[in-house]
Amino acid sequence: MTTINESLASVADVTAKELRYGDGPNNTMDLYTASGSAGPENAASIRNVLVYVHGGAWRSGDKSEYKDLASKLVAASPSLEVAVVNYVLSPRKPEDGPAVRHPTHAADVLRALQCLIDPSKDEVLGTRSSSLPSETCLWLVGHSCGAHILSSIFLQPPEPSPSSPLAPSPDLVRSVKGIMLAEGIYDIDLLLRRHPTYNDFIEGAFTARDSYTDVSTPNFAALEGSGHIKWLVVQSTGDTLIDEDDSLVMYEALTKLYPGTANVSKDFTSFTQDHFEVLHTDEFKDLLLQFSGRSESKKILTEDELPPVASMKEAAGAALLPNASNILS
């Protein structure tokens, strides 16, 4: 059963509550709302929730690290709720605990998302009466491996299994209005060709393999009923841990899955900071607000307005970047 920890301190006009969505030690998320909010005033209200899924190479990271970002988002747009999700992590070394492999991390995130739209859980919805919102709109943001987690859930693998733990309900798919993938890991084989020492955390999350084609999300198909979802792929030009071509591959795959629509866009020019530094900028906060429809302060560039990105053929001949897997995770 979902429970609440009220001990998280309020920040200015923002209140944070810890919600438990499962039985595991990391099955928690922090929900940030405007202080004094009692939820929707009437049944016709639309609830907007931005859900942040952190990175950390599937083995590190915690929701507490994003308290400032979440608080600033709610302070800037009090009608917006922000949920920051924790999920089970893989151990760094075998002696640190039992192995945790994909798709276990993503299955945790899926349970958290289902919890957020479940009207039977009034404490999660933030309501104090039977007046529930007519619609919950979810705006999902995944950074680094968090981007892989979200694309694993909302795209369909080449050979889907009926028993797969990554099968979002039709109600959840309808509730998701947008998915922002920031500086993400997508094509794992491509990642390892450019950064061979990343196999340390990749093997920890996926086991050692000759090929990771079946878990590389640019190879996935569109999920049934997902044609309304807006996708935004974001990459910083100053990221030394994830290459621009990784994001380009994901962007191009999405444009093929959703051709002839305006539902896939990218921003490869707005940020110059390194992998995690991007998250601490006002520009990133503003982009999240604009992405979730809370602000008109920033314009996302269309494909025609963006400068050309190096082709994969050029990237294949490029020298390997200095590796920093200890920083990525």
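## Exercises on salt bridges and strands

Arg-209 has a relative accessible area of 30%, so this residue is partly exposed (buried means under 20% relative accessible area, exposed over 50%, and partly exposed in between, using a 1.4 Å probe and protein chains only). The structure is a predicted model, in which local features need pLDDT of at least 70 and side-chain atom pairs count only at pLDDT 80 or more, while totals for chains, interfaces and linings use all residues. Residues are numbered from 1 along each chain as its sequence is written, and side-chain values use heavy atoms, leaving out hydrogens and water.

**The partner of Arg-209**

Task: Find the residue with which Arg-209 forms a salt bridge.

Solution: Start with the rule: a side-chain nitrogen of Lys or Arg lies within 4 Å of a carboxyl oxygen of Asp or Glu. Next, look at Asp-214: its closest O atom and the closest N atom of Arg-209 are 2.7 Å apart, which makes a salt bridge.

**A bridge within a helix**

Task: Work out how Arg-174 and Asp-171 are placed in helix H5.

Solution: First, find the contact: these two residues form a salt bridge, with the closest N and O atoms 2.1 Å apart. Helices (H or I, at least four residues) and strands (E, at least two) are DSSP runs, numbered from the N terminus. Last, Arg-174 is partly exposed at 48% relative accessibility, and Asp-171 is partly exposed at 44%.

**A bridge across the sequence**

Task: Say which parts the salt bridge of Asp-30 and Lys-63 ties together.

Solution: Begin with the side chains of Asp-30 and Lys-63, which meet at 2.9 Å, N to O. Asp-30 lies in strand E3 (residues 28–34), and Lys-63 sits in the loop between strand E4 (46–53) and helix H1 (67–76), so the bridge ties together parts 33 residues apart in sequence. Are these two residues buried or exposed? Both Asp-30 and Lys-63 are buried.

**The neighbours of strand E8**

Task: Find the strands that pair with E8 in the parallel sense.

Solution: Two strands pair if DSSP finds at least two bridges between them. Strand E6 (residues 135–143) pairs with E8 over six bridges, in the parallel sense; here Trp-139 stands opposite Gly-178 of E8. Strand E10 (residues 230–234) also pairs with E8 in the parallel sense, over five bridges, and Ala-182 stands opposite Val-234 in E10. To finish, check the cover: seven of the seven residues of E8 (residues 176–182) are buried.
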